[in-house]
Amino acid sequence: MSIKHLLVIGLLSTITYGQNSVLSFKEKLLLKSNINTQTESFSVQNNGQSILVNANNTYRLEVGANYKFLGLKIGFSPSNKSSGLKSKFLNPQLNIFIKQWIQSFEYRKVQGFYQETNAQELAEFPDLKTTSWTGTTSYVLNHDFSLKHLTHLTEWQRVTAGSFTPTLHYGFNRLSNNIDAQKVVENSFDLSIAPAYYYTWAFKKYWFISSSIAPAIGVRFTTEKSNENTQKDTFITRSLDLTFQFGYTSETISAGARFNFDNNAVNKDLKQSMVNDKSYASLYFGYRFNPPKFLKQTVSNIEDRLGL
């Protein structure tokens, strides 16, 4: 699809459908659970060769709660009792919703990676660890399109619509590992912009199908330390993220499936680097109900103090 066609679709997506195009559930408390097949992988140098190692996480679980302008979520991976190989994964996230803005802050820690050398043996990399603090800031240009319907389940997109959603990604990541009897630490700061476009087809009142495309370009600043050596570098990053989602939404329930396809690249070879799955699937379920009185009063007080 050409840029000209994308611009035409973007202009069409700004058509106003009326006050009933998006139904807000901000007065309801949402509890959400999610399971996905995404795994954490790294490309590392071992004895002069580049190898791919993976965390021992077959599935990841996420549980979260959203109410009014706040959302909290935590992700973790259940232990594999049938395997003696242990990987640690922790991923809490804070989300803030203010009108057309969506702000997210995320912490992620993964440790314990393995490489399958043959059907009987696994090479262990227990010292390989990544810790990251990241954030995203998104703005939905079309007021009659709901990104929160797709990502946070706090709204209901009742008519077909689409929108450009410029998104800024930024974050700090720390990689540490023992390579050739040396302690290697790589600190990196990433900054990128993604002119994402989302489109949702609503049909038969409760059902929807949605897709998105998000090309991104950015810059990464790295500092690598090994023993007494320090090396700094700057390079360009590129990525393309595609999603497909379908599901069911009513006044009380949201459920569905999401498929993600992505491709990442940098303009130079790295000694060690993060390699996320290029494709993965997730299933989610959310339930809305009236919040308890103490939560309703507490959040109302916060809103009054902040003038929201």
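This is a predicted model: local features need pLDDT of at least 70, side-chain atom pairs count only at pLDDT 80 or more; totals for chains, interfaces and linings use all residues.
Lys 68 is buried, at 14% relative accessible area. The cut-off explains the label: a residue counts as buried when its relative accessible area is under 20%. Phi of Lys 68 is near 55 degrees, a positive value in a residue that is not glycine. Most residues other than glycine have a negative phi.

What does the side chain of Lys 68 pair with? It forms a salt bridge with Glu 27, and the closest N and O atoms are 3.7 Å apart. The two partners come from distant parts of the chain, 41 residues apart. Glu 27 lies in the loop between β1 (22-24) and β2 (29-36). Glu 27 is partly exposed, with a relative accessible area of 43%, whereas Lys 68 is buried. Side chains of opposite charge can pair when their charged atoms come close.

Step to the next residue. Phe 69 lies in the loop between β5 (60-67) and β6 (70-76). Is Phe 69 buried or exposed? Its relative accessibility is 9%, so it counts as buried. Phe 69 and Ile 98 are 29 residues apart in sequence, but their C-alpha atoms are 6.2 Å apart in space.

Now look at the strands on either side of this loop. Lys 73 and Glu 62 meet through their side chains in a salt bridge, 3.6 Å from N to O. Lys 73 belongs to strand β6 and Glu 62 to strand β5, so the pair ties together parts that are 11 residues apart in sequence. The partners differ in cover. Lys 73 counts as partly exposed at 24% relative accessibility, while Glu 62 is buried at 16%.

Another salt bridge joins the side chains of Glu 106 and Arg 108, with 3.3 Å from N to O. Arg 108 has 18% relative accessibility and counts as buried. In the whole structure, a search finds 6 salt bridges.

Lys 99 has a phi of about 55 degrees, although it is not a glycine. The residue lies in the loop between β7 (88-98) and β8 (101-116). Is Lys 99 buried or exposed? With a relative accessible area of 72%, Lys 99 is exposed. Lys 68, by contrast, is buried.

Turn next to the surface. Arg 174, Lys 183, Lys 225 and Lys 232 gather there in a patch of positive charge. One of them, Lys 183, lies in strand β12 (residues 182-203). Lys 183 is partly exposed, with a relative accessible area of 43%.

The surface also carries a nonpolar patch of about 850 Å². Its members are Trp 201, Phe 203, Trp 207, Ile 209, Ile 213, Leu 240, Leu 242, Phe 244, Phe 246 and Phe 261. Which elements give two or more residues to this patch? They are β12, β13 (207-226) and β14 (229-249). The largest share, 4 residues, comes from β14. Trp 201 is one of the patch residues, and its place is in strand β12. At 39% relative accessibility, Trp 201 counts as partly exposed.

Finally, step back to the whole chain. It has 3 helices and 17 strands. Of its 308 residues, 43% are buried. Its accessible surface comes to about 17000 Å², and 58% of that belongs to carbon and sulfur atoms. How do contacts divide by distance along the sequence? Among contacts with a separation of 6 or more, 64% are between residues 24 or more positions apart. The pair of Lys 68 and Glu 27, at 41 residues apart, links distant parts of the chain.

Conventions
Residues are numbered from 1 along each chain as its sequence is written. Side-chain values use heavy atoms; hydrogens and water are left out. Buried means under 20% relative accessible area, exposed over 50%, partly exposed in between (1.4 Å probe, protein chains only). Patches are made of residues with over 30% relative accessible area and no salt bridge: like charges are joined within 9 Å, nonpolar side chains (Val, Leu, Ile, Met, Phe, Trp, Tyr) within 5 Å. Accessible areas come from the Shrake-Rupley method with a 1.4 Å probe; for residues, only the protein chains shown count as cover. A salt bridge is a side-chain nitrogen of Lys or Arg within 4 Å of a carboxyl oxygen of Asp or Glu. Lys and Arg count as positive and Asp and Glu as negative; His and the chain ends are not counted. The place of a charge is taken as NZ of Lys, CZ of Arg, CG of Asp or CD of Glu. Contact means heavy atoms within 4.5 Å.
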